[in-house]
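User: I'm new to this one. Can you walk me through it?
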Amino acid sequence: MTAREQHKILENAIEQITEYISGSKELSIECSEEGELYRLFHEVHSLALILNAHAENEKNAKKFLRNTISDIYGSDYSKG
């Protein structure tokens, strides 16, 4: 891989990571090739999947607590 190709790959990865940090739930860094660079991309992709799973769990826990409070107090907390 030439330095120019590597630079292009890194720029694409940086763009994808920046979009993810900005709120995008998708991270599409190419990580199927061999080499240390792609190994790093694979780990970043794994981290994004874990973070998405944690965020989904937190969302579900928050919804559960809202519904529980609504059931206890008879108020309509579940809309928030």
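Analyst: Here is a short tour, from overall form to single residues. Keep in mind that this is a predicted model.

User: Okay. How many helices and strands are there in the protein chain?
Analyst: The protein chain has two helices and zero strands.

User: What share of the residues is buried?
Analyst: Buried residues are 12% of the 80 in the chain.

User: What about the accessible surface?
Analyst: It comes to about 6700 Å². Carbon and sulfur atoms account for 55% of that.

User: Switching topic. How many aromatic pairs are there?
Analyst: The count is one aromatic pair. Tyr-38 and Phe-41 form it, edge-to-face, with 5.8 Å centre to centre and 85° between the planes.

User: Where do Tyr-38 and Phe-41 sit in the chain?
Analyst: In helix 2, which covers residues 36–73. They are three residues apart there, so about one helical turn separates them.

User: Buried or exposed, those two?
Analyst: Tyr-38 is buried, and Phe-41 is buried too.

User: Which residues make the nonpolar surface patch?
Analyst: Ile-69, Ile-72 and Tyr-73 make a patch of about 340 Å².

User: Tell me about Ile-69. Where does it lie?
Analyst: Ile-69 is in helix 2. Its relative accessibility is 35%, so Ile-69 counts as partly exposed.

Technical notes
Residues numbered from 1 in each chain as written. Predicted model: local features only at pLDDT ≥ 70, side-chain atom pairs only at ≥ 80, totals over all residues. Heavy atoms only, no water. Phe/Tyr/Trp six-rings, centres within 6.5 Å; stacked < 30°, edge-to-face > 60°. Helix = DSSP H or I, 4+ residues; strand = E, 2+ residues; numbered from the N terminus. Buried < 20%, exposed > 50% of the residue type's maximum accessible area, 1.4 Å probe, protein only. Patch = residues over 30% accessible without salt bridge, like charges linked within 9 Å, V, L, I, M, F, W, Y side chains within 5 Å. Areas by Shrake-Rupley, 256 points an atom, 1.4 Å probe, with all protein chains shown as cover. Salt bridge = Lys/Arg side-chain N within 4 Å of Asp/Glu carboxyl O.
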